[in-house]
Amino acid sequence: MNRFEKCNTQLVQSIGKKEGPISPVIVHSASFGYGNSETAEGIFDGSIKKPLYARMGNPTSAQLESALAQMEGGVGSVATASGMAASALAVMSIVGVGDEVISIGGLFGGTYTLFNETLRRFGVKSHFFDVDALEAIEAAINGQTKLLFLESVGNPNMRLPDIAAIADIAAKHGVALIVDNTTTPLCVRPFELGADIVIYSTTKLLTGNASSLGGAAIYRAIGEGNDKFKTARYADLHPFIEKMGAMAMIAVAKKRAMRDLGMSPDAFGSFLTLLGLETLGLRMERIARSVEEVAAALDASGLHVIHPSLTHHPHHERYRTLFLYGCGPLLCIDCRDKSEAFRLLNATKLATITANIGDSRTLALHMASTIYRDFDEQTRAFLGITPGLIRLSIGLESSRDIIEDLLQAAT
Ligand SMILES: *Cc1c(COP(=O)(O)O)cnc(C)c1O
């Protein structure tokens, strides 16, 4: 049974209930009555598992958290108001002043500025490396390094990391590895490759139709051959581990980020994401096939296509051997310049011009004039943002229609 098939069964079965309402119940309440003072005390000390207050958790979002943990093979997860909130929660619940983060790959714009601007203002230093700079990455790890942060596919530079090799470096030095798996749900299984935390922008493929902004951080159990957090590097987390054991990182995320920063998801948004999640396996399998077909056809037409399924891509061999289920919906076209990119985009009838990715519709955007407009020349070069770069996110339309439309737009 292939990976997508397995998820088709598991996701629909884990989301639907056998008794009562089948569709997830939307609990739209900011606060919850406790009934009596003893119960209130029990809820606050954690001995009674009932909702406390919607900032700390909501029953609909809890259902999403449990479906995501099951999908990913984690011990638990924390749903958030956006993908950036998930990154902020996962990182800020672990780092403090004087700590360092090593960030690897072509980073999503908001993630880059979170590290390079926001965390820097709070005294957390970040180092940035290309996916292939393994020696430099290892050399940069020191006593202050708390996290390695990696995107499963460079968005939009399309460079592919050898995730297991980076996880080995993280394991050797006892540093936790976070993988942003937003563009490759189900295709890439970061926990199986050695990651400790997986984050998603659920806004993208997990919901799949632009109906809801959201995110999630999913945690591997502490103890299952994973003792990184028990070492002196993470001494400030030890009280959580003593109290919560395998589930400690969920408490760390909730108490050190969600409670104080309040990036809580909304019940209706979590409901929409649960609906989307049911069809994730079906959609990913179709998209994985379509992306390769579109990349091949556009490449054959003479366009400069950037996708690792193409033999001239520098990570083609890695794609063939390590990304057996594809690398998600993205592919890029490098036009000669901005005006040629604008002309192509304005001539497509099918692509929706927007900053989003991972939708059921095909989406497209010129990078340098939009998401990366505030970045200086050097940073753009590091992130692979050339003047004519267009990012496409392939949707569920017939791949023949997508190809036909893009070819007519390019001529
Ligand atoms: C979109 C995206 C994010 C941020 O998610 P939001 O839901 O927009 O906050 C983070 N990482 C990647 C790879 C993304 O594509």
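Trainee: With which residue does Asp132 form a salt bridge, and how far apart are the closest N and O atoms?

Mentor: Asp132 forms its salt bridge with Arg318, and the closest N and O atoms of the pair are 2.9 Å apart. Please bear in mind that the model is predicted. To place this pair, consider the domain assignment of the protein chain, which gives domain 1 as residues 3-276 and domain 2 as residues 281-410. Between the two domains, the count is one salt bridge. Polar contacts are also present, with a count of 14 residue pairs, both partners being at pLDDT 80 or more.

On the side of domain 1 that touches domain 2, three elements each supply at least two residues: the helices α1 (3-15) and α5 (109-121), and the strand β3 (125-129). Of these, α1 gives the most, with four residues. By residue class, this side of domain 1 divides into 19 nonpolar, 15 polar and seven charged residues.

The interface as a whole may now be described. In domain 1, 41 residues are in contact with 40 residues of domain 2. The size of an interface is often expressed as the accessible area lost when the parts come together. Here, domain 1 and domain 2 bury about 3300 Å² between them, and 65% of that area lies on carbon and sulfur atoms. The C-alpha centres of the two domains, finally, lie 27 Å apart.

Terms used:
Residues numbered from 1 in each chain as written. Predicted model: local features only at pLDDT ≥ 70, side-chain atom pairs only at ≥ 80, totals over all residues. Heavy atoms only, no water. Domains from an automatic or database assignment. Contact = heavy atoms within 4.5 Å. Buried area = accessible area lost by both parts, 1.4 Å probe. Salt bridge = Lys/Arg side-chain N within 4 Å of Asp/Glu carboxyl O. Polar contact = N/O pair within 3.5 Å; in protein donor to acceptor, adjacent residues only side chain to side chain. Nonpolar A, V, L, I, M, F, W, Y, C, P; charged D, E, K, R; others polar.
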